[in-house]
Amino acid sequence: MAPQKVAVVTGANKGIGFGVMKELCQKFDGVVYLTARDEGRGQAAVEELKKLGLSARFHQLDIDDAASISRFAEYIKKTYDGLDVLVNNAAIAYKHDSTVPFGEQAENTIRINFFGTLAVCDALFPLLRPHARVITVSSCVGHLTKVTGDEPAAKALRDKLASPSLTRKELCDLMNQFVQTAKDGTWKAAGWQSSTYSASKVGVSALSRIQQKAFDTDSRPDLVINHCHPGYVNTDMTSHKGPLSVEQGSVSTSYAALLPPNTEVRGQFLWHDKQVVDWVNGPTPSLY
Ligand code: NDP
C-alpha cells in the first residue's frame with residue numbers, strides 16, 4: 001500500500017497560509033498539517049476549517065526556534081517517514097511607521113524570513129519523497145530588480161545573486177552582510193535596498209534557485225521547488241490594504257504545491273496569477 005501523503009504549511013493560522021490550507025484540504029490527496037508558532041491560534045484555525053467542512057491536523061512550529069523545528073521534523077519522520085508538500089509561508093514584516101531601528105529590523109527579519117525558512121528546509125528536505133513539491137512564498141519585492149542600493153555596488157550584488165553558480169554559503173554570507181551593513185549604516189553603499197523585508201525576500205528567492213539545483217542532482221526523482229509573489233493581499237501583514245482576497249492570494253502558492261508529476265515548472269518565480277516571471281531580468285507584470 002502506498003504511504004499516506006503529507007503536506008505542511010508554515011504560518012498557516014491566518015492570512016495567505018490559512019487560504020492555502022483551505023485549498024490543500026480540498027485538493028490534496030493526503031493529510032494536511034496546519035502549523036503555527038502559537039498553539040492556541042493554530043488549534044483555533046483548525047476549528048475554523050472544521051466549520052467549513054475541512055479536515056486538517058495541527059502541529060506547533062515556530063520557524064524562529066531550532067528546538068521547535070527539530071521537534072516537528074522528528075514528529076513527521078516518526079509518524080509518516082516522509083513528506084510530499086512543504087509550503088514555506090511564515091514570515092514577518094515591520095510596518096512602514098515602525099520605530100524599531102533599521103539594524104534591529106534587519107537582524108530580526110533576515111533571521112526569521114531567511115534563516116528560519118532555511119532551517120525548516122534543512123530539517124524537512126531529508127524527508128521529501130519522490131515528486132515532492134516545495135513552494136516558498138516570496139514577494140514582488142523579492143524580485144532581483146528590487147536590489148536598488150547605490151550603483152555600481154547594487155549591480156555587482158545583483159550579478160552575484162543572479163549567478164547560476166551562487167552557493168548557499170555565499171548567499172548566507174550576503175544575508176549576514178546585509179544585516180551588518182544595516183547596523184553600521186552602510187547598506188546602500190553595499191548595494192542593498194532600504195527595506196529589510198525586501199532583502200529577506202530576495203534572499204529566499206535566491207535560495208529557492210540554489211535548492212532547485214540541488215534537487216536536480218538528488219537521487220530522489222522529480223523534487224521541485226518554486227517561489228512566488230502571492231499578490232498584494234488583504235491580510236494583517238498589509239494592514240488590510242491589499243486589494244486581493246486571501247483566496248486570490250493563495251492561487252499561485254496552491255498551484256505550485258499541487259504541480260503534477262514531472263512538471264516543467266521548477267525553480268521558477270511565479271506571479272500571483274501563476275505566470276512564470278524571469279527572476280533575473282523581469283519584467284514584472286502589474287501588481288494586481
Ligand atoms: P500575515 O501576517 O497575515 O501572516 C503571517 C503568518 O506567519 C502568521 O500565521 C504568523 O503567525 C506566521 N509567522 C510569523 N512568524 C512566524 C514564526 N517565527 N514561526 C511560525 N509562523 C510565523 O501575513 P500574510 O498572510 O500576508 O503573508 C503570508 C506570506 O506571504 C508571507 O511570507 C509574506 O511575506 C508573503 N507576502 C504577503 C503579501 C501580502 O500582500 N499579504 C505580499 C507578498 C508576500 P502569528 O499569527 O503567530 O503572528
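How far is the sulfur of Cys25 from the closest cysteine sulfur, and in which residue does that sulfur lie? The distance is 18 Å, to Cys228, too far for a bond. This is a predicted model: local features need pLDDT of at least 70, side-chain atom pairs count only at pLDDT 80 or more, and totals for chains, interfaces and linings use all residues. Residues are numbered from 1 along each chain as its sequence is written, and side-chain values use heavy atoms, with hydrogens and water left out. Helices (H or I, at least four residues) and strands (E, at least two) are DSSP runs, numbered from the N terminus.

**Cysteines**

- A disulfide is a covalent bond between the sulfur atoms of two cysteines.
- The whole structure has zero disulfides, the criterion being a pair of cysteine sulfur atoms within 2.5 Å.
- The sulfur of Cys140 also has its closest cysteine sulfur in Cys228, 11 Å away and too far for a bond.
- Cys25 is buried at 17% relative accessibility, and Cys140 is buried at 16% relative accessible area.
- Buried means under 20% relative accessible area, exposed over 50%, and partly exposed in between (1.4 Å probe, protein chains only).

- Eight strands form an open sheet with mixed pairing, in the order 3-2-1-4-5-6-7-8.
- Strand 3 (57-60) and strand 8 (276-277) are the edge strands, each pairing on one side only.
- Two strands pair if DSSP finds at least two bridges between them.
- Strand 1 (residues 6-9) runs parallel to strand 2, joined by four bridges; Val8 stands opposite Tyr33 in strand 2.
- Strand 1 also pairs with strand 4 (residues 83-88), in the parallel sense, over three bridges. Here Ala7 stands opposite Val85.
- In a regular strand the side chains alternate between the two faces of the sheet.
- In strand 2, Val31, Tyr33 and Thr35 point one way, Val32, Leu34 and Ala36 the other, and all are buried.
- Strand 2 (residues 31-36) is thus mostly covered, with six of its six residues buried.

**Helices**

- Helix 1 (residues 15-27) lies across strand 1, strand 2 and strand 4, at about 170° to strand 2.
- Helix 4 (residues 102-124) lies across strand 4 and strand 5 (128-137), at about 175° to strand 4.
- Axes are lines fitted to C-alpha atoms, for helices over the stretch in contact, and angles run from 0 to 180 degrees between N-to-C directions.
- Helix 6 (residues 168-184) packs with helix 7 (residues 196-216) at about 175°, with axes 10 Å apart. That makes helix 6 roughly antiparallel to helix 7 (under 35 degrees is roughly parallel, over 145 roughly antiparallel, 65 to 115 roughly perpendicular, the rest oblique).
- Among the residues that meet are Met175 and Phe178 in helix 6 and Leu207 and Ile210 in helix 7. Contact means heavy atoms within 4.5 Å.
- By class, that contact has seven nonpolar, two polar and one charged residues (Ala, Val, Leu, Ile, Met, Phe, Trp, Tyr, Cys and Pro are nonpolar, Asp, Glu, Lys and Arg charged, the others, Gly among them, polar).
- Ser68 sits in helix 3 (residues 66-80) and is buried at 0% relative accessible area.

**Backbone exceptions**

- Most residues other than glycine have a negative phi, and most peptide bonds are trans.
- Glu151 and Pro152 are joined by a cis peptide bond, omega about 5°.
- Gly282 to Pro283 is also cis, with omega near 0°.
- Ser239, not a glycine, has a positive phi of about 50° and is partly exposed at 38% relative accessibility.
- Asn262 has a positive phi near 60° and is exposed at 55% relative accessibility.
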